[in-house]
Amino acid sequence: MSIKVIKEFSEKAKVDADLKEKLKACLKIKEMLALGKEFGYEIDEVALYPPNEPQFTEEQLSERLAKALLRV
(Lines give C-alpha, C1' and ligand atoms only; values in the text may rest on other atoms or scores of the structure.)
Protein backbone atom coordinates (compact mmCIF):
# COMPACT_ATOMS: atom_id res chain seq x y z
CA MET A 1 0.00 0.00 0.00
CA SER A 2 2.78 2.42 0.80
CA ILE A 3 4.20 2.31 -2.75
CA LYS A 4 0.76 3.38 -3.98
CA VAL A 5 0.75 6.29 -1.51
CA ILE A 6 4.25 7.33 -2.60
CA LYS A 7 3.18 7.22 -6.25
CA GLU A 8 0.10 9.35 -5.48
CA PHE A 9 2.28 11.85 -3.60
CA SER A 10 4.73 12.00 -6.50
CA GLU A 11 1.95 12.49 -9.05
CA LYS A 12 0.40 15.28 -6.97
CA ALA A 13 3.80 16.98 -6.77
CA LYS A 14 3.95 17.00 -10.57
CA VAL A 15 0.75 19.07 -10.86
CA ASP A 16 0.73 21.11 -7.62
CA ALA A 17 3.29 23.93 -7.95
CA ASP A 18 3.40 24.62 -4.19
CA LEU A 19 4.02 20.97 -3.33
CA LYS A 20 6.55 20.65 -6.15
CA GLU A 21 8.58 23.57 -4.80
CA LYS A 22 8.45 22.30 -1.22
CA LEU A 23 9.45 18.77 -2.25
CA LYS A 24 12.44 20.05 -4.22
CA ALA A 25 13.52 22.01 -1.11
CA CYS A 26 13.59 18.92 1.14
CA LEU A 27 17.14 17.90 1.98
CA LYS A 28 16.34 15.09 4.41
CA ILE A 29 14.01 12.12 4.27
CA LYS A 30 12.35 13.27 7.51
CA GLU A 31 11.51 16.60 5.86
CA MET A 32 9.99 14.77 2.90
CA LEU A 33 7.95 12.49 5.18
CA ALA A 34 6.69 15.52 7.14
CA LEU A 35 5.75 17.24 3.88
CA GLY A 36 3.86 14.17 2.76
CA LYS A 37 2.01 14.10 6.07
CA GLU A 38 1.19 17.82 5.71
CA PHE A 39 -0.47 17.02 2.38
CA GLY A 40 -2.29 13.94 3.74
CA TYR A 41 0.11 11.15 2.69
CA GLU A 42 1.38 8.64 5.26
CA ILE A 43 4.59 7.34 3.70
CA ASP A 44 6.54 4.32 4.94
CA GLU A 45 10.20 5.39 4.74
CA VAL A 46 11.43 1.87 3.98
CA ALA A 47 9.31 1.77 0.82
CA LEU A 48 11.21 4.76 -0.59
CA TYR A 49 14.53 2.93 -0.95
CA PRO A 50 15.81 0.46 -3.55
CA PRO A 51 15.19 -2.30 -4.42
CA ASN A 52 11.71 -0.76 -4.62
CA GLU A 53 11.00 0.93 -7.93
CA PRO A 54 11.65 4.70 -7.66
CA GLN A 55 8.42 6.72 -7.62
CA PHE A 56 10.10 10.11 -8.02
CA THR A 57 12.17 11.58 -10.81
CA GLU A 58 15.50 13.28 -10.33
CA GLU A 59 13.88 16.60 -11.27
CA GLN A 60 11.42 16.31 -8.38
CA LEU A 61 14.04 15.92 -5.66
CA SER A 62 16.92 17.88 -4.23
CA GLU A 63 20.32 16.59 -5.30
CA ARG A 64 20.83 15.07 -1.86
CA LEU A 65 17.54 13.15 -1.87
CA ALA A 66 18.03 12.06 -5.47
CA LYS A 67 21.35 10.48 -4.46
CA ALA A 68 19.75 8.71 -1.50
CA LEU A 69 16.57 7.49 -3.19
CA LEU A 70 17.52 7.13 -6.84
CA ARG A 71 21.18 6.18 -6.46
CA VAL A 72 22.27 8.81 -9.00
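## Two helices side by side

H2 and H3 cross in a right-handed way. Keep in mind that this is a predicted model. Where do the two helices touch? On the H2 side the contact involves Leu19, Lys22, Leu23 and Ala25, while H3 brings Glu31, Met32, Leu35 and Glu38. Sorted by class, the residues of this contact of H2 with H3 are five nonpolar, no polar and three charged.

Packed helices have a handy description: the angle between their axes and the distance between those axes. For H2 (residues 17–25) and H3 (residues 29–38), the angle is about 160° and the axes lie 9 Å apart. Angles over 145 degrees count as roughly antiparallel, so H2 and H3 are roughly antiparallel to each other.

## A cis bond in a loop

Now follow the chain to proline 50 and proline 51, which are joined by a cis peptide bond. The omega value here is about 15°. Proline 51 sits in the loop between H3 and helix H4 (63–70).

## A cavity inside

How many cavities of 30 Å³ or more does the structure hold? There is one, and the largest cavity contains about 50 Å³ of space.

You can find the largest cavity by looking for the residues that line it: Ile6, Ala47, Leu48, Glu53, Pro54, Gln55, Phe56, Leu69 and Leu70. By class, this lining is made up of seven nonpolar residues, one polar and one charged.

Technical notes
Residues are numbered from 1 along each chain as its sequence is written. This is a predicted model: local features need pLDDT of at least 70, side-chain atom pairs count only at pLDDT 80 or more; totals for chains, interfaces and linings use all residues. Side-chain values use heavy atoms; hydrogens and water are left out. On a 1 Å grid over the protein atoms alone, a cavity is a set of points where a 1.4 Å probe fits but cannot get out, and a pocket is an open set with protein on both sides within 12 Å along at least five of seven lines; lining residues have an atom within 4 Å of a point. Grid points are joined across faces, edges and corners, and a volume is the space filled by probe spheres set on the points. Ala, Val, Leu, Ile, Met, Phe, Trp, Tyr, Cys and Pro count as nonpolar, Asp, Glu, Lys and Arg as charged, and the others, Gly among them, as polar. Axes are lines fitted to C-alpha atoms, for helices over the stretch in contact, and angles run from 0 to 180 degrees between N-to-C directions. Helices (H or I, at least four residues) and strands (E, at least two) are DSSP runs, numbered from the N terminus. Angles under 35 degrees count as roughly parallel, over 145 as roughly antiparallel, 65 to 115 as roughly perpendicular and the rest as oblique. A crossing is left-handed if the near helix is turned anticlockwise from the far one by less than a right angle, and right-handed if clockwise. Contact means heavy atoms within 4.5 Å.
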